[in-house]
Amino acid sequence: MKQIITSPNAPAALGPYSHAVQVGNFLFTSGQVPLVPETGKLAGESIEAQANQVLNNLEQVLKSAGLTFADVVKTTIFLTDLSDFAAVNAIYATRFPADPPARSCVQVAKLPAGAKMEMELIASK
């Protein structure tokens, strides 16, 4: 059975999708861009500000499902510029200090709202 997860502390969806869907023990999140929930605007221009906001948003979605970053088994990061890879890694590592999940990172041409990054994840209870 699938359960829709919506976080009141994450930005509203930019389209017809849910923040996350839980199926059995797995949670699948939609991609989060660095929008500030209270304003709906980008967290800032720097990749560091945007990476922190993306992770904050995903943390809120996880909390709404009763999970934490420790439950994450796979992430996918989308960057508009792979030269931001090292800066994103440094911030990412603060949320996954030990036993990090499997991960993919790809460069894309463009992201919603003019974001420099987007991230989605899969977690398991």
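Guide: Two strands pair if DSSP finds at least two bridges between them. Strands (E, at least two residues) and helices (H or I, at least four) are DSSP runs, numbered from the N terminus. The model is predicted: local features need pLDDT of at least 70, side-chain atom pairs count only at pLDDT 80 or more, and totals for chains, interfaces and linings use all residues. Residues are numbered from 1 along each chain as its sequence is written, and side-chain values use heavy atoms, with hydrogens and water left out.

Visitor: How do you know that β2 and β3 pair?

Guide: Four bridges join β2 and β3 in the antiparallel sense. At least two are required, so β2 and β3 count as paired. Valine 21 stands opposite phenylalanine 28 in β3. The two strands form a hairpin with two residues between them. Glycine 24, in the turn, has a positive phi of about 60°.

Visitor: Why is histidine 19 called buried?

Guide: Buried means under 20% relative accessible area, exposed over 50%, partly exposed in between (1.4 Å probe, protein chains only). Histidine 19 has 6% relative accessibility, so it counts as buried. Histidine 19 sits in the loop between β1 (2-5) and β2 (20-23). Its contacts (heavy atoms within 4.5 Å) include Ile5, Phe28, Gln32 and Val61.

Visitor: How far is the backbone oxygen of proline 11 from a polar side-chain atom of histidine 19?

Guide: The separation is 2.7 Å. The limit for a polar contact, a pair of N or O atoms, is within 3.5 Å; within protein, one must be able to donate a hydrogen and the other to accept it, and residues adjacent in sequence count only if both atoms are side-chain atoms.

Visitor: Is arginine 95 buried or exposed?

Guide: Arginine 95 has 18% relative accessibility, so it counts as buried. Arginine 95 lies in helix α2. Beyond four places in sequence, arginine 95 is in contact with Asn52, Leu55, Asn56, Glu59 and Phe69.

Visitor: What puts the buried residues on the same side of α2?

Guide: The buried residues in α2 are Val88, Ile91, Tyr92 and Arg95. They cover an arc of only 105° around the axis, which puts them on the same side of α2. The arc is that of directions from the helix axis to the C-beta atoms. Exposed Ala86 and Thr94 are on the face turned away. The buried residues pack against α1, β4, β5 (102-107) and β6.

Visitor: Which residues have the most contacts inside the largest nonpolar core?

Guide: Leu27, Leu62, Met117 and Met119 do, in a core of 25 residues. Such a core is a set of buried Ala, Val, Leu, Ile, Met, Phe, Trp, Tyr and Cys residues joined through side-chain atoms within 4.5 Å. α1 gives the most to this core, with seven residues. Apart from it lies another core, of five residues, among them Val33 and Leu111.
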